[in-house]
Amino acid sequence: MDDTGRLSRRQFAKAAVAIGGASALSACLSRSDSPDVPAGPEDLSSVPARQHAWSDALATDDHGNDRPPRHHVLLLLDYAGDGQPTDADRETAASAFESLERAYARRHDGLLFTVGYSPSYFERFDADLPESVDLPEPGPLAPFEDPEPDTRDAAVHLASDHPSVVLAAEEALVGEASSANGVEMAADLSGVFDRGDRRTGFVGDGLPADNQDVRGVPDSEPVPEDSPLYMGFKSGFEKSQASEDRVTIESGPFAGGTTMHASRIRLQLQQWYEQDSRDQRVGKMFCPVHAEEGLVEGPGDNLGTSAGMDERGCPAHATDHAREKGMVGHSQKSARAREDGDPIILRRDFDSTDDDEAGLHFVSLHRSIADFVDTREAMNGTDIADESAVGQKNNNGILQYMEVLRRGNYLVPPRQLRALPPARPA
Ligand code: HEM
């Protein structure tokens, strides 16, 4: 806020997404400049078969790393009908999604979205999912956590650099508005899905600093103005992200799809900012070597396209560092899950002020949920805690500052199957 107590434009834009609804949208449009967003194509044949093919539509930073869209909404929905979906509902849902594609150019400053379905959704079918799809029920993934499983049928992830675009797309999709970006909606989801949870957030330079007036962040306003995430560092370097090919299901009827995990994480950054030193933060986020050698400037833009894990043998020395330096880094531990040197999960996470607390919606894509589980196991570092003086959470990466409240798993089918897919498509 400025000294008159007014919200800055950026703060307001973000708060509008968190609030949602028609009044937030109109306030957002009248307050910030209404963005001039191009419509999508009338003929949708050029839209990629993979819903999760976002990389070509993203902006890049000065080094060429993909830059995520700045504003996000995750809508969790339940199928409104009884039992198996009807063909009429499938057609309505397909038409609603296509209307959104016609309304907005498919790019970061237009609209990007995916639609995924949970294990609970697929239970309604007589047949199981094919073996080529690994989609277990969500459950705890660490000995010290007890998350609520998310069991809503579907998850729609909407993302755009413009807050008004995610809001308007949501309004049109759920049937609260009959057009989006001036383009008439041929259908909406209102009769097909019941609305469940609504999760929101943001990622990008300045947004966490503008939104630090929440529980979990100390009152001293410690979040750096140039950080894209609450914890003060940049993430998603090109070399630490799986490629879209690596996370794509290769065979069976859902080939071209992917699996998605979405967890809700509460952040508690009192100690992080008020007791830990900058070196401790760098050591715990990246690797103790990065702190000793002063490798990270500010949020870490200077690192280029690589967080410099393998280059310094950080993952291989995770347990040695825990024993000798009394601390192990989050990135260093997580990078132990790489396969032939390459990461196996593609992170599309964003910060959140939902429930007025600092949080992070950890959305990630992988060929199988097992790839996520393996990565999370590497991040837990339970093996390291067993063999050194670091605790299960204490000095063990960033585990001490986060708590996983909810977990959900989803299949994100290829685009042609995104409207209420059967478990065994022909
Ligand atoms: C509060 C939540 C989190 C924050 C702020 C965070 C932040 C970061 C940062 C700054 C990096 C280093 C930069 C980079 O290479 O991208 C990183 C790396 C990474 N994180 Fe996280 N992270 C969080 C949670 C998670 C979770 C829940 C997972 C899931 C297992 C995860 C998996 C990874 C992986 C796989 C890497 C890259 C390792 C490699 O280079 O192979 N992170 N994270």
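**Cores and packed helices in a predicted model**

In this predicted model, the largest nonpolar core has 55 residues, and those that touch the most other members are Tyr-230, Met-231, Met-260, Leu-267, Leu-269, Trp-272 and Phe-286. Another core, of 51 residues, lies apart from it and includes Leu-77, Ala-93, Ile-369 and Leu-420.

Me: Is Ser-164 buried or exposed?
Reply: Ser-164 lies in helix H5, which covers residues 163-173. Its relative accessible area is 7%, and a residue counts as buried when that value is under 20%. Ser-164 is therefore buried.

Me: Which residues does Ser-164 touch, not counting residues up to four places away in sequence?
Reply: Ser-164 belongs to helix H5, and neighbours up to four places away in sequence are left out of this list. The residues that Ser-164 then touches are Leu-25, Cys-28, Leu-29 and Pro-35.

Me: Are H1 and H5 roughly parallel or roughly antiparallel?
Reply: Two packed helices are described by the angle between their axes and by the distance between those axes. For helix H1 (residues 9-19) and H5, the axes come within 9 Å and cross at roughly 15°. Because angles under 35 degrees count as roughly parallel, H1 and H5 are roughly parallel.

Me: How many nonpolar residues does the contact of H1 with H5 have?
Reply: On the side of H1 the contact involves Ala-13, Ala-16 and Val-17, which meet Pro-163, Val-166 and Leu-167 in H5. Sorted by class, this contact of H1 with H5 has no polar and no charged residues, and the number of nonpolar residues is 6.

Me: Is H2 roughly parallel or roughly antiparallel to H5?
Reply: The axes of helix H2 (residues 21-31) and H5 come within 10 Å, and they cross at roughly 150°. Since angles over 145 degrees count as roughly antiparallel, H2 is, relative to H5, roughly antiparallel.

Me: How many charged residues are in the contact of H2 with H5?
Reply: H2 contributes Gly-21, Ala-22, Ala-24, Leu-25, Cys-28 and Leu-29, while H5 contributes Pro-163, Ser-164, Leu-167, Ala-168 and Glu-171. By class, the residues of the contact of H2 with H5 divide into 8 nonpolar and 2 polar, and the number of charged residues is 1.

Me: How far apart in space are Leu-7 and Glu-137, C-alpha to C-alpha?
Reply: Leu-7 is found in the segment before H1, and at 33% relative accessibility Leu-7 counts as partly exposed. Leu-7 and Glu-137 are 130 residues apart in sequence, and in space their C-alpha to C-alpha separation is 41 Å.

Key. Residues are numbered from 1 along each chain as its sequence is written. This is a predicted model: local features need pLDDT of at least 70, side-chain atom pairs count only at pLDDT 80 or more; totals for chains, interfaces and linings use all residues. Side-chain values use heavy atoms; hydrogens and water are left out. Helices (H or I, at least four residues) and strands (E, at least two) are DSSP runs, numbered from the N terminus. Buried means under 20% relative accessible area, exposed over 50%, partly exposed in between (1.4 Å probe, protein chains only). Contact means heavy atoms within 4.5 Å. A nonpolar core is a set of buried Ala, Val, Leu, Ile, Met, Phe, Trp, Tyr and Cys residues joined through side-chain atoms within 4.5 Å. Axes are lines fitted to C-alpha atoms, for helices over the stretch in contact, and angles run from 0 to 180 degrees between N-to-C directions. Angles under 35 degrees count as roughly parallel, over 145 as roughly antiparallel, 65 to 115 as roughly perpendicular and the rest as oblique. Ala, Val, Leu, Ile, Met, Phe, Trp, Tyr, Cys and Pro count as nonpolar, Asp, Glu, Lys and Arg as charged, and the others, Gly among them, as polar.
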